[in-house]
Amino acid sequence: MRDLETDLEELRESYTSGKTKEASWRKSQLNGLLTLLKEKEKDIFNALEHDLGKHYAEAYRDEVGTLTKSVNLALSSLKDWMAVKKAKLPLPAFPSTAKVFPEPLGVVLIFSTWNFPFGLSLEPLIGAVAAGNAVVLKPSELAPASSSFLAASISTYLDKKAVKVIEGGQVVGEHLLGYKWDKIFFTGSTQVARAVLTAAVKHITPVTLELGGKSPAIFDSFSSSWDKEMVIKRVLGGKFGTCAGQACIGIDYILVQEGYAPTLVELLKNGTVKMFGENPRETKSMARIINKQHFSRLKNLLDDPSVKSCIVHGGGMDEHNLFIEPTILMNPPLEASIMTDEIFGPLLPIITLKKIEDSIGFINSRPKPLAIYAFTRNETLQKRIVSETSSGSVTFNDAVIQYAADTVPFGGVGESGFGSYHGKFSFDAFTHEKPVLSRAMISEFWFRFPPWNDNKLALTKKAYSFDYFGFVLVLLGLKK
């Protein structure tokens, strides 16, 4: 096993030297990432095709393109992000000043996962180096080509004394968790997240958890053929077109009013053929399943007799090529694993409800999802979804687009995770906002010190309520 102690000592020395705090160092790392993405684009495409069977257009859309955008934003915004901000103090504090200094946390650990092995590795890394931290990145061993590429390229394009990629499986991960970190940023499953939290407790290490869950799509009725065509494309893209459903923010299942369900099924069937072809594996417009273990997990979900009977489209599996065609199911049992576990694959259950408004109660009866998608023009329903449900995000009439938005935080709530990143939020995730206050010596508020009396209490009450006129009256003895 790699000598982790030596690696961590070098990282600590790099951070302690102060070089990572300099704007020039931060810019150089971001420019290094940008150069890597440009010069090694084809190599990244090849790694993603090898690990997941991703088409290069999908790979650019979901990984290279979003990362390039994020690096460019960080470079153009770094001066503002790093700037010391003045803070207002109340008049009773006069004469004094307050400023907020954004400072890096120190030496941080990033665990990424396999479904977006570049995006989920480098997106938090962008925030970490922009914030001035020394970093260890632990990519997922389940995407070996991508992990190997990251290990080789990051040491070439970035400062290898301050940013390190450490490869390995569970044993390496456990060893890393045994060390003290200034922040742990984890993307992955709830099961592993519990182990991360348990390890973090030992050193009271702050943690960001980017998890997942069962993200529902509420599908209201649409009368316009234009609306139908548009929303069906967005649903299919948000389910099957994003790493073959192996995405934490992908649509997990659909809720629809029972009277509209037959129409929805036909729209989805026709839309699937148009988007992915009669033989989706041959069109290469869908990724494959990551490995045999996950393939078997998905196969077992469908092999449940009570679930298999609910298939209304698809269901074909090619174990040799680890490919599962887009599969649609109607009303599988709610107690079946396909409706209790995160699916993370190209299986799409549809659950019918008496009224579309019942979707709110259905969602609230389950763990808080990472995302809620609602395809509806009903503004009353939209308002109720926002005010009466809890989720990492809500998107109306589209799916997955929040991942590419830099101006809104990306993250979960409850069992779908906590903490957020993307854009400035990535910088904030690895930053401590340190307040610095300074007070002059020319005056003093004597009433804040013992010995205590009723007059001091009265003055303190007026000061805390910012009742300056009342304060003066008490001070002059004109009011008790």
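What do the buried residues of α16 pack against?

Tutor: Please keep in mind that this is a predicted model, in which local features need pLDDT of at least 70 and side-chain atom pairs count only at pLDDT 80 or more, while totals for chains, interfaces and linings use all residues. Residues are numbered from 1 along each chain as its sequence is written, and side-chain values use heavy atoms, with hydrogens and water left out.

Helix α16 covers residues 379-388, and L381, Q382 and I385 are buried in it; helices (H or I, at least four residues) and strands (E, at least two) are DSSP runs, numbered from the N terminus. Buried means under 20% relative accessible area, exposed over 50%, and partly exposed in between, with a 1.4 Å probe and protein chains only. Seen down the axis of α16, the buried residues fall within an arc of 105°, so they line one face of the helix; the arc is that of the directions from the helix axis to the C-beta atoms. As a general point, an α-helix has 3.6 residues a turn, so residues three or four places apart point the same way. The face of α16 turned away from its buried side carries E379, T380, K383 and S387, which are exposed. To come to your question, the buried residues of α16 pack against β8, α15 (358-364), β15 (372-375) and β16, where contact means heavy atoms within 4.5 Å.

An open sheet is formed by 7 strands, in the order β10-β13-β14-β9-β8-β15-β16, with mixed pairing; two strands pair if DSSP finds at least two bridges between them. Its edge strands, each pairing on one side only, are β10 (311-313) and β16 (394-396), and from one strand to the next the twist averages 25°. Strand β8 (residues 216-219) runs parallel to strand β9 (residues 253-257), and 4 bridges join them; A217 has I254 in β9 as its bridge partner. Another helix, α12 (residues 292-303), lies across β10, β13 (327-330) and β14 (347-353), running at about 35° to β14; such axes are lines fitted to C-alpha atoms, for helices over the stretch in contact, and angles run from 0 to 180 degrees between N-to-C directions.

At 28% relative accessibility, E342 counts as partly exposed. Leaving aside neighbours within four places in sequence, E342 is in contact with G212, G213, K214, A247, C248, D252 and R297. One of these, D252, is 90 residues from E342 in sequence, yet the two are 7.1 Å apart in space, C-alpha to C-alpha.

For comparison, helix α8 (residues 190-203) has the buried residues A193, V196, A199 and A200. They cover an arc of only 125° around the axis, which puts them on the same side of α8, and they pack against α7 (170-177), β6 (183-187) and β7 (207-210). The face turned away from that buried side carries the exposed residues Q191, R194, T198, V201 and K202.

Stepping back, the protein has 19 helices and 20 strands, and 50% of its 480 residues count as buried. Among contacts with a separation of 6 or more, 70% are between residues 24 or more positions apart.
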